[in-house]
Amino acid sequence: MEKDHHYYQQLEDVVLSAPFPIGVFTGRELTVVLANKALIDAWGKGDDIIGRSYIEILPELQGMGIYQQLWQVLDTGEPYIATNRRVDLIKKGIKEVHYFNYTFTPLKAPDGTVYGVMNTAADVTELVMAKNHAAEAEEKLTLAIENAKLGTYEINLENGDIKTSGIFKEIWRITDPITNYDLIGKLHPDDLHIREQSHREAELTGKMSYELRIIHNNSEVRWLRINGFYIDSPDTKSLFGTVQDITEQKSFEEELKLKVDERTRQLLRSNESLSQFAHAVSHDLKEPLRKIRFFTGALNDMLEPDSKARTLYAAKIEKSAARMHSMIEDILAYSVMDAAAFSVQKIDLNVLLSEVLGDLELVITQKDAVINRSLLPDIQGAHVLLSQLFYNIIGNSLKFSREAVRPHINITSHLLSKPSGDCIKIEIADNGIGIEKEFVDKIFEPFKRLHSKDTYDGTGLGLSLCHKIVQRHNGTVSVWSEIGLGTTFEIILPVTQIQIGL
């Protein structure tokens with residue numbers, strides 16, 4: 001009797017001190033007679049479980065076959081071992097999924113009869129979940145590779161063994177056993193250097209990616225994209241990667257390139273024809289227009305100074321002829337703007353502005369205009385274009401001045417620092433008639449006139465030319481305006497130019 005007590009005491013000490021879940025259940029009711037803290041925590045049913053039935057404590061195990069496993073051990077005396085077994089436990093009313101490695105070991109009396117079962121377990125939930133996630137990720141990767149029609153390969157660089165997927169063999173039209181000699185033998189002779197260079201670079205970077213051609217049956221050419229990476233460790237030295245047949249993609253790219261080239265040639269021919277047409281039209285129109293203006297002048301000399309024919313009809317003919325001449329010149333300038341190439345040079349904007357104001361001296365004097373200007377910086381650009389830019393904008397400010405209000409035009413500049421390089425912001429502000437808000441965004445459109453041609457002369461191309469000139473200088477132009485208060489043009493130009501928008 002003392003011996004049995006000593007035996008049970010030893011068993012209890014082992015159970016209670018173990019760092020992993022251990023419990024002892026007896027009888028068909030599987031009464032819990034011993035349970036260590038690790039088991040109590042794993043079940044999550046509280047500390048009051050000794051003397052209660054295993055079935056009562058864990059009713060959620062009904063239908064999982066675990067009760068039957070315990071009774072089987074009691075009946076046969078044979079242990080039961082489970083690996084990575086899912087066990088759903090309810091803790092504080094919430095179902096939790098766990099995975100356990102557990103053992104049911106029979107406990108026998110001295111006479112050999114089985115009186116109980118010892119349960120030992122290890123919670124491997126995190127390990128199993130990690131494996132499941134890894135398997136799921138691998139399955140998704142495999143599916144993605146298959147859908148992308150990627151062939152995979154693994155080359156042991158020490159012994160030359162090659163492992164490949166089925167798609168790899170389909171792409172290369174090759175069967176096991178596969179050797180490097182077989183693969184290299186299929187490469188297009190002109191592309192061998194591509195593979196060699198890529199492998200040399202991969203020895204330094206650990207990665208490679210290249211495209212080349214292979215030949216099937218001495219005639220059929222296919223394009224492949226090959227990617228790979230090296231693994232160089234004490235255990236292995238291998239090359240892993242993928243191969244993809246991109247023949248259709250290459251054919252599409254080539255076809256698209258041919259179409260783009262053809263469209264480009266058509267556009268160039270169209271632009272050239274347009275330029276020739278503009279020159280021809282301008283030349284053909286200028287000559288009869290010159291005669292109209294000449295004979296109108298002669299007619300004026302023949303008419304009485306105060307006659308209606310001279311003051312009304314001849315004057316209108318002269319005005320219309322002058323407007324047509326201006327339109328021809330503007331159309332010609334606008335049509336050749338995109339085709340012309342302009343050299344980049346350093347420009348003193350102060351000198352350039354003085355030249356422009358000199359050209360506008362007559363109208364400035366006639367309108368008694370006040371021009372206020374700040375010191376402008378030197379920038380790089382095309383002199384002829386920037387002169388046209390200032391001429392058109394300042395000319396507009398003078399043209400659209402208010403009746404009986406002395407024109408004031410303020411020209412200021414500020415240096416802007418940008419990540420792409422320094423820029424100059426130039427503002428040209430006037431106190432003219434202004435522009436209605438709904439028309440502000442339309443003033444840079446070709447032939448867009450906001451006023452009657454009988455009230456203000458012009459072709460509607462001046463500001464379109466300004467917009468093109470600023471774009472050619474890799475800059476921006478914008479406008480703010482209010483009716484009756486004036487208009488401000490903001491021009492932002494890079495200080496340094498690489499080329500003028502060729």
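Guide: A salt bridge here is a side-chain nitrogen of Lys or Arg within 4 Å of a carboxyl oxygen of Asp or Glu. The general idea is that side chains of opposite charge can pair when their charged atoms come close. Before we apply that, some ground rules. This is a predicted model, in which local features need pLDDT of at least 70 and side-chain atom pairs count only at pLDDT 80 or more, while totals for chains, interfaces and linings use all residues. Residues are numbered from 1 along each chain as its sequence is written, and side-chain values use heavy atoms, leaving out hydrogens and water.

Visitor: How many salt bridges does this rule count?

Guide: It gives 22 salt bridges. Take Glu248 and Arg222, whose closest N and O atoms are 3.3 Å apart. This pair links distant parts of the chain, with Glu248 in helix H9 (residues 247-302) and Arg222 in strand E9 (residues 220-232), 26 residues apart. Both also belong to a salt-bridge network with Arg173, Glu220 and Asp245.

Visitor: Are Glu248 and Arg222 buried or exposed?

Guide: Read relative accessible area like this: buried is under 20%, exposed is over 50%, and partly exposed is in between (1.4 Å probe, protein chains only). Glu248 has 53%, so that residue is exposed; Arg222 has 17%, so that one is buried.

Visitor: What forms a salt bridge with Arg213?

Guide: That's Asp191, with the closest N and O atoms 2.9 Å apart. Here too distant parts of the chain are linked: Arg213 sits in strand E8 (residues 207-216), and Asp191 in the loop between helix H7 (180-185) and helix H8 (192-205), 22 residues away. Arg213 is partly exposed because its relative accessible area is 22%, while Asp191 counts as buried because its value is 5%. Another one to look up is Lys91 with Glu96, where the closest N and O atoms are 3.8 Å apart.

Visitor: On to sheets. Which strands pair over seven bridges?

Guide: The general idea first: two strands pair if DSSP finds at least two bridges between them. Strand E6 (residues 150-156) runs antiparallel to strand E10 (residues 237-245), joined by seven bridges. Within that pairing, Asn156 has Ser238 as its bridge partner. E10 is also joined to E9, antiparallel, by nine bridges, and a hairpin of four residues connects the two. Look for Gly228 there, standing opposite Gly241 in E10.

Visitor: Which face of strand E13 is covered, and which is uncovered?

Guide: In a regular strand the side chains alternate between the two faces of the sheet. In strand E13 (residues 378-381), Ile379 and Gly381 make up the covered face, with Asp378 and Gln380 on the uncovered one. Ile379 is also the bridge partner of Ile347, and strand E11 (residues 345-348) pairs with E13 in the antiparallel sense over four bridges.

Visitor: What is the order of the open sheet of five strands?

Guide: The order is E12-E14-E15-E17-E16, and the pairing is mixed. At the edges are strand E12 (370-373) and strand E16 (476-482), each pairing on one side only. From one strand to the next, the twist averages 15°. E16 and strand E17 (residues 486-494) run antiparallel, joined by seven bridges, with Trp480 opposite Thr488 in E17. Helix H13 (residues 383-399) packs on this sheet, touching strand E14 (408-416), strand E15 (423-430) and E17, and the direction of H13 makes about 25° with that of E15. Axes are lines fitted to C-alpha atoms, for helices over the stretch in contact, and angles run from 0 to 180 degrees between N-to-C directions. Contact means heavy atoms within 4.5 Å. Helix H15 (residues 462-472) lies across E16 and E17, at about 25° to E17.

Visitor: Which residues in the largest nonpolar core touch the most other members?

Guide: A nonpolar core is a set of buried Ala, Val, Leu, Ile, Met, Phe, Trp, Tyr and Cys residues joined through side-chain atoms within 4.5 Å. In the largest one, with 37 residues, the answer is Phe390, Ile394, Ile428 and Ile491. Elements giving two or more residues to this core include helix H11 (349-359), H13 and H15, and H13 provides the largest share, seven residues. Leaving aside neighbours within four places in sequence, Ile394 is in contact with residues including Leu353, Ile411 and Ile428. A second, separate core has 25 residues, among them Leu39, Tyr54, Ala82 and Val117.
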